[in-house]
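Here's a quick tour to read alongside the model. Keep the 3D view open and click along as you go.

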Amino acid sequence: MPYIPRGARRLGRTRVTVPPLGLGCAPLGNLYRPLPEDRARQTVHAAFDTGARHFDTAPHYGLGLSEQRLGRALAGRDRAAYTLSTKVGRRLRALAPGETVDGQGYAATPARARVWDLSRDGIRRTLAASLERLDVSAVDIVYLHDVEEHIPEVYGTGFAALAELRAEGVVGAIGFGLNRSDAAARYVADLDVDVVLCAGRWTLLDRGAFDDLLPVCARRGTSVVVGGVYNSGLLADPSPGAPYDYAPAPAALVERARRLASVCAEFGVPLKAAALRFPFGHPSVAGVLAGAASPEEARENAELFTYDIPDALWHALTDRGLLDPDLPLPTADPGGRRGARP
């Protein structure tokens with residue numbers, strides 16, 4: 001039988017667990033375009049009803065709108081039935097007189113501004129505000145968000161503030177949510193990190209995390225949650241003009257994605273299904289996050305995640321030079337070229 005990830009995985013040495021598939025909630029913050037309130041609520045309900053039990057959000061996503069909508073959509077659900085993660089590093093404040101909203105890719109947001117703040121007080125205030133927007137008493141995971149360029153603050157105050165919250169039992173697991181795997185690898189090597197949310201660097205198109213982050217996570221016992229498995233869109237629809245890391249994809253990458261899709265089609269497997277499954281070849285990967293901007297997309301993610309993917313597909317991608325031969329594969333056969341399954 002093909003390998004299909006099942007069961008919740010524990011993060012590092014904590015008691016916090018995540019299921020293999022979670023919902024990335026940036027679209028709830030009106031990423032790129034407005035999402036009607038009822039569609040946002042229906043999207044969360046569809047994800048929950050199809051088995052998603054991990055919801056990841058952040059103050060950055062729509063200047064708090066994602067957190068607000070997620071909290072309203074999950075109201076009344078058993079808090080113990082799902083894992084909830086948010087982020088710190090950017091504190092939100094009211095706009096000053098004459099100041100305009102900087103959406104940073106988010107549309108129709110609340111009238112707020114972002115302020116970088118990795119001080120102890122700033123992190124505690126940021127988390128308290130998130131709890132209020134989410135309308136919960138606690139979250140399970142807190143990440144330092146997009147702090148690749150804030151190294152002195154991370155080492156000086158930021159991570160120590162998170163570690164203090166963990167020691168106090170305020171949060172169950174702490175870590176980093178980053179786009180650059182090299183920066184994440186440095187932090188994991190130096191600090192007591194439970195989990196890294198790594199976006200876009202461990203995918204069918206990008207092996208970066210395999211070369212720097214994943215080895216140190218395996219050595220340190222740090223778990224990895226993988227986001228950006230579609231590389232912001234190219235692996236969802238490999239057509240000219242498709243985005244890769246939030247910019248138009250270079251022609252060579254579009255061609256490679258099209259070749260990946262072609263080989264997948266030979267085996268009757270959608271490219272998106274392969275993209276969702278691929279990260280689980282490495283034993284440090286605990287789960288993946290897939291965004292959805294509609295209930296239909298949430299249901300599609302759940303269906304694609306459990307797709308029967310034959311081991312032969314992964315070997316074909318390697319044999320045809322679309323995956324490097326040293327990469328671990330999410331195969332079921334004991335002799336497959338892969339890392340041990342988690």
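## A first look

Let's start just after α11, where Gly321 takes a positive phi of about 80 degrees. This is a predicted model, where local features need pLDDT of at least 70, side-chain atom pairs count only at pLDDT 80 or more, and totals for chains, interfaces and linings use all residues. Residues are numbered from 1 along each chain as its sequence is written, and side-chain values use heavy atoms, with hydrogens and water left out. Helices (H or I, at least four residues) and strands (E, at least two) are DSSP runs, numbered from the N terminus.

**Helix α11 and its cover**

- Helix α11 spans residues 311–319 and is mostly covered, with seven of its nine residues buried. Here buried means under 20% relative accessible area, exposed means over 50%, and partly exposed is in between (1.4 Å probe, protein chains only).
- The buried residues of α11 are Asp311, Leu313, Trp314, His315, Ala316, Leu317 and Thr318.
- What covers those buried residues of α11? The cover includes α8 (251–266) and α9 (271–277).

**Other positive phi values**

- Tyr32 isn't a glycine, yet its phi is positive, near 75 degrees. You'll find Tyr32 in the loop between β3 (21–24) and α1 (37–49).
- Asp245 is not a glycine either, and has a positive phi of about 50 degrees. Asp245 sits in the loop between β12 (243–244) and β13 (247–248).
- Asp245 counts as partly exposed because its relative accessible area is 32%.

- Gly158 lies in helix α4 (residues 151–167). Gly158 counts as buried because its relative accessibility is 0%.
- Beyond its neighbours within four places in sequence, Gly158 is in contact with Leu118, Ile123, Leu144 and Glu153. Contact means heavy atoms within 4.5 Å.
- Gly158 and Asp121 are 37 residues apart in sequence and 9.9 Å apart in space, C-alpha to C-alpha.
- Two packed helices are described by the angle between their axes and the distance between the axes. Axes are lines fitted to C-alpha atoms, for helices over the stretch in contact, and angles run from 0 to 180 degrees between N-to-C directions.
- Helix α3 (residues 120–134) packs against α4 at an angle of about 55 degrees, with the axes 8 Å apart. That makes α3 oblique to α4. Angles under 35 degrees count as roughly parallel, over 145 as roughly antiparallel, 65 to 115 as roughly perpendicular and the rest as oblique.
- The α3–α4 crossing is right-handed, a term for the near helix being turned clockwise from the far one by less than a right angle.
- On the α3 side, the contact is made by Arg120, Ile123, Arg124 and Leu127; on the α4 side, by Thr157, Gly158, Ala161, Leu162, Glu164 and Leu165.
- These contact residues of α3 and α4 divide into five nonpolar, two polar and three charged. Ala, Val, Leu, Ile, Met, Phe, Trp, Tyr, Cys and Pro count as nonpolar, Asp, Glu, Lys and Arg as charged, and the others, Gly among them, as polar.

- The axes of α1 and helix α2 (residues 65–74) come within 9 Å and cross at roughly 60 degrees. That makes α1 oblique to α2.
- Glu37, Ala40, Arg41, Val44, His45 and Phe48 of α1 meet Arg69, Leu70, Arg72, Ala73 and Leu74 of α2. The residues of this contact are six nonpolar, one polar and four charged.
- For α4 and helix α5 (residues 181–190), the axes come within 12 Å and cross at roughly 25 degrees. The two helices α4 and α5 are therefore roughly parallel to each other.
- Ile151, Val154 and Tyr155 of α4 meet Arg186, Tyr187 and Asp190 of α5.

**Nonpolar cores**

- Which residues touch the most other members of the largest nonpolar core? Of its 95 residues, they are Phe55, Leu144, Phe176, Leu204 and Leu213. A nonpolar core is a set of buried Ala, Val, Leu, Ile, Met, Phe, Trp, Tyr and Cys residues joined through side-chain atoms within 4.5 Å.
- The largest share of this core, six residues, comes from α8.
- A second, separate core of eleven residues includes Leu11, Val16, Val18 and Ile141.
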